[in-house]
Amino acid sequence: MTFVPKDWLPQDDELGGKTILVTGAGDGIGRAAALSFARHGAEVLLLGRTEAKLEAVYDDIVAEGGQQPGIIPADLAQTSHDDLMALAAELSKSLAKLDGLLHNASILGDRKALAQTSAAKWHESMQVNVNAPFMLTQAVLPLLEQAPMASVLFTSSSVGRRGRAFWGSYAVSKFATEGLMQVWADELGGIGSVRVNSLNPGAVNTAMRRAAYPAEPPDTNPEPAALMATWVYLMSDASSGLNGQALNAQG
Ligand code: NDP
């Protein structure tokens with residue numbers, strides 16, 4: 001967590017006045033991030049494929065006294081460019097700007113040797129983990145550009161920085177995520193108000209981690225909620241100097 005200043009603590013209203021869209025907001029890290037952003041004053045837009053989970057997060061935010069969130073049911077494995085452009089057009093009717101975009105939703109895909117990975121599973125991982133974040137960023141860019149300081153955060157992984165056997169399409173999709181982040185950051189950084197970074201959460205106790213490491217005791221790893229100061233920092237104006245960085249939340 002070296003990039004977060006040692007003495008930095010978020011103010012209660014650190015994200016006040018900001019609207020932040022979180023993908024995969026129904027569970028795991030995305031759920032914790034949405035709750036944390038709302039606790040720090042943001043209006044959050046909850047995008048995910050399981051509406052009941054988004055509604056549960058909505059209820060938790062409202063019960064805590066947070067701003068009423070928006071719910072965007074969307075299966076990123078199925079969404080087309082046209083769907084996401086339509087979503088952005090719909091958002092533009094009620095939003096003057098978008099201050100943050102957390103690309104968090106991902107799937108593990110086949111945990112197999114590349115030689116055994118099915119083409120269909122490969123395409124699905126690329127669609128959810130890479131194509132959809134590219135298309136969604138492009139669609140909402142005009143709204144991001146209306147914000148005084150917008151933050152786009154891609155979610156990476158250690159296997160997106162060093163390839164590892166049997167991580168297949170997931171690892172390759174995370175390398176592509178880093179590439180996407182770097183190109184957006186180089187195109188947008190310095191000329192406008194949108195900054196773009198990637199964050200590797202490290203090992204976190206979520207459904208994805210438990211699926212990837214079934215033999216590991218779940219309490220080996222921190223709960224998502226314990227790490228959220230880093231996500232809040234990256235959505236806050238406090239991190240406005242960061243652009244094009246591949247960051248680590250732990251270690
Ligand atoms: P989870 O599987 O716990 O949560 C992922 C979320 O993404 C879920 O809410 C899921 O929806 C949603 N999602 C998955 N597919 C789609 C889709 N097609 N359309 C819309 N939403 C979708 O994962 P984590 O919280 O662990 O992971 C969050 C991010 O962190 C991912 O990008 C992951 O790669 C990364 N990461 C996680 C690590 C860890 O140790 N946990 C380590 C390194 C990186 P639903 O609930 O309906 O399934």
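How many of the 12 residues of α1 are buried? The answer is 10, so α1 is largely enclosed by the rest of the structure. The views below come from a predicted model.

**View 1. Helix α1 from end to end.** Helix α1 covers residues 28-39. At 1.5 Å a residue, its 12 residues should span 16 Å. The C-alpha atoms at its ends are 17 Å apart, which agrees. Just after α1 comes G41, with a positive phi of about 100 degrees.

**View 2. The buried residues of α1.** G28, I29 and G30 are among the buried residues of this helix. A32, A33, A34 and L35 are buried too. S36, F37 and A38 complete the list.

**View 3. What covers α1.** The cover over the buried residues of α1 includes strands and helices. Among the strands are β1 (19-23), β2 (43-48) and β4 (100-103). The helices include α2 (51-63) and α7 (228-235).

**View 4. Residues around the ligand.** The ligand is surrounded by 32 residues. T50, K53, N104, Y170 and T206 are the closest.

View 5. The side chain of T50 places an N or O atom 2.4 Å from an oxygen atom of the ligand. At L76, a polar backbone atom is 2.8 Å from a ligand nitrogen atom. At A77, a backbone N or O atom lies 3.4 Å from a nitrogen atom of the ligand. Taken alone, the ligand exposes 900 Å², and the protein buries 93% of that.

How values were computed: Residues numbered from 1 in each chain as written. Predicted model: local features only at pLDDT ≥ 70, side-chain atom pairs only at ≥ 80, totals over all residues. Heavy atoms only, no water. Helix = DSSP H or I, 4+ residues; strand = E, 2+ residues; numbered from the N terminus. Expected span 1.5 Å × (residues − 1). Buried < 20%, exposed > 50% of the residue type's maximum accessible area, 1.4 Å probe, protein only. Contact = heavy atoms within 4.5 Å. Near = heavy atom within 4 Å. Polar contact = N/O pair within 3.5 Å; in protein donor to acceptor, adjacent residues only side chain to side chain. Areas by Shrake-Rupley, 256 points an atom, 1.4 Å probe, with all protein chains shown as cover.
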